[in-house]
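Student: Could you take me through the metal site of this model in detail? I would like to see which parts of the chain build it and what lies around those parts.

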Amino acid sequence: AETAAVNTNIVTLTRFLTEEQSKHKEATGDFTLLCHALQFSFKAISHYIRRATLVNLTGLAGQSNATGDDQKKLDVIGNDLFIAAMRSSGKCALLVSEEEEEIIYFKDQTGARYAVACDPIDGSSNLDAGVSVGTIFGVHKLAEGSTGTKEDILKPGTELLAAGFTMYGASAQLVITMRGGTVNGFTLDNSFGEFILTHPNMRIPKKRAIYSVNEGNSLYWEENTKEYFNSLKFPQDNGKPYSARYIGSMVADAYRTLLYGGIFAYPADKKSPKGKLRILYECAPMAMVFENAGGQAVDSKMRRMLEVVPEHIHDRSGIYLGSYDEVEKVKSFYKK
Ligand code: AHG
Ligand code: MN
Ligand code: MN
Ligand code: MN
């Protein structure tokens, strides 16, 4: 009888990173080791997220963070797990986290060449409802001769060495990209404890009639924002209106948009003149993933998101993120 087609040529993230490294003759292996620490942190966070309701890890931690968010217990645990993984990697010189007011410098890590920005738990307001949340990260390389200063992380997204996110949904889905590289998706196989390559070379559809925005902010929107979304809901050429999908976790909304196409937006508005999402650990990493998958990302002034330089580590920006043609449509409404 035919033996079941067992895939014996399994590409784990570990193998993928080894193969990537061999493409760069000058590689020291440091980035690979940093990525192993990153992937461990995703496995650990995934583990605690899934057990939260069983071990009383839901609910508030009773404190708030630098950006004014009420911290959930899992925000704090995710943050602590991530910091420990970065510190013990020996390859991270400094770390910016949504949950840390100041930059964390790992001064004892001599020879560490990387600066990392992270949102340990994105979408944490949804946590107690069991909705998908995620971790977003960006990796910068220190300037030559730098031992790690805030200038090494306050850079445009065009200088990111790597970026991505892990969404803790029905399974843990890791999406990662390198500067000028492709976007690759991995699924955590809990029996192996390995991320397995399941979505090689992800490309976002050029267009898709799906829009993802918190319409509860419509009262505060600028005129051109209103006009753009109305053009999707009440099409002039009596075409079909767009479908609305909004989860409220950027990672989940972004992952769906990356796979299905469409537009995700958190526009700057009268309530949040600088926007809500943070540049270093939400907007820039997502913008790099979407550009490398053939999409676009712009801020509320239609500037290329990857060219926006934050002044402070928790600076925010408006963002439109999605299919190439959909972002072109947004630009046409703002150019008027
Ligand atoms: P975080 O949980 O890391 O603070 O991020 C929350 C963000 C993002 O995940 C999501 O897109 C957005 O907040 C939702 O904001 P609204 O609830 O205002 O729509
Ligand atoms: Mn938060
Ligand atoms: Mn977030
Ligand atoms: Mn967060």
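Tutor: Happy to; we will go ion by ion and then turn to the strands and the helix around them. Please keep in mind that this is a predicted model.

Let's begin with the manganese ion (ligand 2). Its donors come from Asp 69 (OD) and Glu 98 (OE), at 2.0 to 2.1 Å. These two residues bring together distant parts of the chain, as they are 29 residues apart. Asp 69 sits in the loop between strand S1 (60-64) and strand S2 (70-72), while Glu 98 belongs to the loop between strand S3 (92-97) and strand S4 (104-105). Glu 98 has a relative accessible area of 3%, so it counts as buried.

Now for the other metal. The manganese ion (ligand 3) lies 5.5 Å from the manganese ion (ligand 2). Asp 119 (OD), Asp 122 (OD) and Glu 282 (OE) coordinate the manganese ion (ligand 3), at 1.9 to 2.1 Å. If you follow these donors along the chain, you will find the spacing D-x2-D-x159-E. Here, too, distant parts of the chain are linked: Asp 122 is in strand S5 (residues 114-122) and Glu 282 is in helix H6 (residues 279-292), 160 residues apart. Asp 122 and Glu 282 are both buried.

UniProt, in an unreviewed entry, lists residues 204-334 as "domain: Fructose-1-6-bisphosphatase class 1 C-terminal". Over that range the chain is 36% helix and 15% strand, with the end C-alpha atoms 23 Å apart.

Next, the strands. S3 and S5 run parallel and are joined by 5 bridges. One pairing you can look up is Ser 97, whose bridge partner in S5 is Cys 118. Both strands belong to an open sheet of 8 strands with mixed pairing, in the order S4-S3-S5-S6-S7-S8-S9-S10. S4 and strand S10 (194-199) are its edge strands, each pairing on one side only.

Finally, look at helix H2 (residues 30-51). Helix H2 lies across S3, S5, strand S6 (133-141), strand S7 (162-168), strand S8 (172-178), strand S9 (183-189) and S10. Against S6, helix H2 runs at about 165°.

To draw this together: loops carry Asp 69 and Glu 98 to the manganese ion (ligand 2), whereas strand S5 and helix H6 provide Asp 122 and Glu 282 for the manganese ion (ligand 3).

Conventions: Residues numbered from 1 in each chain as written. Chains lettered and ligands numbered in written order. Predicted model: local features only at pLDDT ≥ 70, side-chain atom pairs only at ≥ 80, totals over all residues. Heavy atoms only, no water. UniProt positions renumbered as here; feature names shortened; annotations may be inferred. Helix = DSSP H or I, 4+ residues; strand = E, 2+ residues; numbered from the N terminus. Donors = N, O, S within 2.8 Å, 3.2 Å for Na, K, Ca; no water. Buried < 20%, exposed > 50% of the residue type's maximum accessible area, 1.4 Å probe, protein only. Pairing = 2+ DSSP bridges. Contact = heavy atoms within 4.5 Å. Axes fitted to C-alpha atoms, helices over the stretch in contact; angles between N-to-C directions.
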